[in-house]
Structure formats: structure tokens, C-alpha cells
Amino acid sequence: MFTGIVEELGAVVAVEKLGDASRFRLRGPVVTEDAKHGDSIAVNGVCLTVVDTADGEFTADVMAETLNRSSLGALAAGSRVNLERPMALGGRLGGHLVQGHVDGTGTILERTPAEHWEIVKIALPATLSRYVVEKGSITVDGVSLTVVDAADDYFTISLIPTTLALTTLGIKKAGDPVNLEVDVLAKYVERLLGRGTGTGADLRDLEEIKEMDR
């Protein structure tokens, strides 16, 4: 579990193609200082398993499922990436609960600089639209952010100077893809209410249960 508070702006050192999979070697001295084989590190919001570490670098195998669902397949040697270690139990939850399980990708549509911040408009896949609400939380390339405006096919976020300076969102441009992870709590609520799955209790069932309890 992560919080979406990026710890380090790292870099891809090398990408080895392995058929329908890839092995990434990434540089991140901060996130590797206590990492070991089998640990998790979020790379642009994607939870990856550490294969090995050495000299401030780590390697991770990325399967076809991850390459197909995220923008990691577009990375190459020299690409900058957002890195975060899992949250520690008992620590502060600075962002929101993030699983590192990317729900889809969006595309940066436009950037509008302001005096002390920047508004970024991102295309929103139709399959994720219902989970994104104004003032709600969303993870963009592993960064926990608050939604400013939410429409059916896009949303906007406001980036403060710290986010612009310390994450890849400061260097992404219009047309670039980004990984999106919506709030998992919204998906659980939908599942429990039986929306879009044909399973679980629906609203009418819940009302009947309430009547029985009275």
C-alpha cells in the first residue's frame, strides 16, 4: 500500500525486452537504501517487485499485463520516473490509500501556467469516469492529487511548485501518457451495490434490509 507522496525522482537505466515482458533497471538511491529482494516499489504509480538491488539501483520484471495496462512500456533508458516505497504501518498517511494497481492511462491535453501553480487537463477513459469526482482523490503517475474539475471525458488537477519540481509531472507535456489509479474505496462501494457487475446487493435490497431492522 502506498500514499501517492513521491519520495524520489528516479531514472530508467536500462530496459531489457523479454518476449512479452521486460526487465527494468532503475536508479533510485533513496528508495533502495533499505530495499531487498521481494520488496515493492511504485514506479510511476505501478507497484513493482524488486528482483535485486546494487549501488542505488534496482531491477524489476514487468509482465505483459502491466505493460498493457500502464504507460511503462513507453519508458526507455534515460526516462525519469516517480518512485515511492510502501507506507509503513504507524506512519503518516500524507496522500490517500494507493494500491499501485493502475486502472488505465490518460493523456495530458493541456497545461495552463498560473503565477504560483499550474492547471493540467487530462483525458479520462470512459471506464473510469464514474469514479472521479470534484475534490476527490486520484493518482496520476503515482502522485496523489485532488481533482479540481471532473467531466465525463477529462479532469483537471492543480500542481503546486513542489510537485512540479520533484515529480515527472513537472516535465510531462501535452500528448504524453500518464498512469491513472482511481480511489479503490469507490470501486468497493460500486461492487457492494451491485453496479456494473450483476452481483452483490443493490439499493433496493439494502432498503429492504433496513426495513427489517426497524
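Select S40 and T49: in this predicted model, T49 of β4 is the bridge partner of S40. Now widen the selection to the two strands. β3 covers residues 40-43 and β4 covers residues 46-54. They pair in the antiparallel sense over four bridges.

**The barrel**

Bring in the neighbouring strands. Six strands close into a barrel, in the order β1-β2-β5-β4-β3-β6. The pairing is antiparallel. On average, neighbouring strands of this sheet are turned by 45 degrees against each other, direction ignored.

Go next to β1, residues 8-18. Seven bridges join β1 to β2, and the two run antiparallel. Pick A14 and look across to β2: R25 stands opposite. Then follow β1 to the hairpin with β2, which has two residues between the strands. Stop at G19, where phi is positive, near 70 degrees.

Which residue of β5 is the bridge partner of L26? Select F58 to see that pair.

**Two loop residues**

Select T32, in the loop between β2 and β3. Is T32 buried or exposed? T32 counts as buried because its relative accessibility is 10%, below the 20% cut-off. Its side chain reaches the backbone oxygen of G28 at 2.8 Å. Show the contacts of T32 beyond four places in sequence: G56, E57 and F58.

Move on to N44, in the loop between β3 and β4. Where does N44 fall on the scale of accessible area? N44 is buried, with a relative accessible area of 2%. Now display its side chain together with N82. A polar atom of the N44 side chain lies 2.8 Å from the backbone nitrogen of N82. Leaving aside neighbours within four places in sequence, N44 is in contact with residues including L72, L75, R80 and V81. D141, G142, T168 and N179 are also among its contacts.

**The cores**

In soluble globular proteins, nonpolar side chains tend to be buried together. To see the largest nonpolar core here, select I122, V140, F155, I157 and L180. Of its 20 residues, these five touch the most other members. Colour the elements that give two or more residues to this core: β8 (118-123), β9 (137-140), β10 (143-150), β11 (154-159) and β12 (177-182).

Centre on I122. Beyond four places in sequence, its contacts include G106, T107, I108 and L109. V140, D153, Y154, F155, I157 and V178 are in contact with I122 too. Now switch to a second, separate core of 19 residues. Among its members are V12, L26, V31 and F58.

Keep 97-193 on screen. This span is 15% helix and 41% strand, and its end C-alpha atoms lie 21 Å apart.

Finish at helix α3, residues 184-192. Which residue caps its N-terminal end? Select D183: a side-chain oxygen lies 3.0 Å from the backbone nitrogen of L185. Then step past the helix to G194, which follows α3 and has a positive phi near 75 degrees.

Note on methods. Residues are numbered from 1 along each chain as its sequence is written. This is a predicted model: local features need pLDDT of at least 70, side-chain atom pairs count only at pLDDT 80 or more; totals for chains, interfaces and linings use all residues. Side-chain values use heavy atoms; hydrogens and water are left out. A polar contact is a pair of N or O atoms within 3.5 Å; within protein, one must be able to donate a hydrogen and the other to accept it, and residues adjacent in sequence count only if both atoms are side-chain atoms. Two strands pair if DSSP finds at least two bridges between them. Axes are lines fitted to C-alpha atoms, for helices over the stretch in contact, and angles run from 0 to 180 degrees between N-to-C directions. A nonpolar core is a set of buried Ala, Val, Leu, Ile, Met, Phe, Trp, Tyr and Cys residues joined through side-chain atoms within 4.5 Å. Buried means under 20% relative accessible area, exposed over 50%, partly exposed in between (1.4 Å probe, protein chains only). Contact means heavy atoms within 4.5 Å.
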